[in-house]
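Open the model in your viewer and keep the selection tool at hand. The tour goes residue by residue, then out to the whole chain.

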Amino acid sequence: FKLIAAPTAVDLVLALSTIGLFISQVKRGRRPLGALGWSLALVALGLVLGAVIGALLATQAGLPFNSILFEALPAYLVVLAGILLLL
């Protein structure tokens, strides 16, 4: 059993969630430039976390996960937290 996701689907989900974070922040009254900065910072933080976690787990052979999916999951969760929690 393998978890499989096309890299383009992962990129699309991250892009749409980043746009959602940006729109959410602008609707809550944040300036567009500040909202863009927060959006990019949270995506970058999530991708760095995903890369670190992916590198730690890559040492274990035989994991049934697609590495791209596994590295993008923390980025998606951080962006989702930003949508819900940033005021």
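Select Thr-18. Thr-18 sits in helix 1; helices (H or I, at least four residues) and strands (E, at least two) are DSSP runs, numbered from the N terminus. This is a predicted model, in which local features need pLDDT of at least 70 and side-chain atom pairs count only at pLDDT 80 or more, while totals for chains, interfaces and linings use all residues. Residues are numbered from 1 along each chain as its sequence is written, and side-chain values use heavy atoms, with hydrogens and water left out.

Is Thr-18 buried or exposed? Thr-18 is buried, because its relative accessible area is 16%. The cut-offs are these: buried is under 20% relative accessible area, exposed is over 50%, and partly exposed is in between (1.4 Å probe, protein chains only). Now show the contacts (heavy atoms within 4.5 Å). Leaving out residues up to four places away in sequence, Thr-18 touches Ser-39, Val-43 and Val-79.

Move along to Ile-23, also a residue of helix 1. Ile-23 has 40% relative accessibility, so it counts as partly exposed.

Next, Gln-25. Helix 1 covers residues 7–27 and includes Gln-25. Gln-25 counts as buried because its relative accessible area is 1%. Which residues does Gln-25 touch, not counting those up to four places away in sequence? Select Arg-30, Ala-35, Gly-82 and Leu-86.

**Into the core**

Select Leu-21, Leu-42, Val-43, Val-78, Val-79, Ile-83 and Leu-86 together. These 7 residues are the largest nonpolar core. Such a core is a set of buried Ala, Val, Leu, Ile, Met, Phe, Trp, Tyr and Cys residues joined through side-chain atoms within 4.5 Å. Color by element: helix 2 (32–58) and helix 3 each give two or more residues to this core. Helix 3 supplies the largest share, 3 residues. In soluble globular proteins, nonpolar side chains tend to be buried together.

Center on Leu-42. Beyond residues up to four places away in sequence, Leu-42 touches Leu-21, Val-78, Val-79, Gly-82 and Leu-86.

**Along helix 3**

Start at Ala-72, which lies in helix 3. Ala-72 counts as buried because its relative accessibility is 8%. Its contacts include Val-10 and Leu-14, with residues up to four places away in sequence not counted.

Go on to Tyr-76, in helix 3. Tyr-76 is partly exposed, because its relative accessible area is 30%. Tyr-76 touches Val-13, Leu-14 and Ser-17, again not counting residues up to four places away in sequence. Now pick Gly-50: it is 26 residues from Tyr-76 in sequence and 9.6 Å away in space, C-alpha to C-alpha.

Then Leu-84, in helix 3. Buried or exposed? Leu-84 counts as exposed, because its relative accessibility is 60%. Leu-84 and Leu-21 are 63 residues apart in sequence and 8.7 Å apart in space, C-alpha to C-alpha.

**Out to the surface**

Accessible areas come from the Shrake-Rupley method with a 1.4 Å probe, and for residues only the protein chains shown count as cover. Helix 3 (residues 67–85) gives the most to the nonpolar patch, with 6 residues.

**Zoom out**

Show the whole chain as a cartoon. The chain has 3 helices and 0 strands, in the order α-α-α along the sequence. Of its 87 residues, 28% count as buried. The accessible surface comes to about 5800 Å², and 77% of that belongs to carbon and sulfur atoms. Among contacts with a separation of 6 or more, 72% are between residues 24 or more positions apart.

Last, color by pLDDT, the predictor's confidence in each residue, from 0 to 100. The chain averages 81, and 79% of the residues score at least 70. Among the elements, helix 2 has the highest mean pLDDT (87) and helix 3 the lowest (83).
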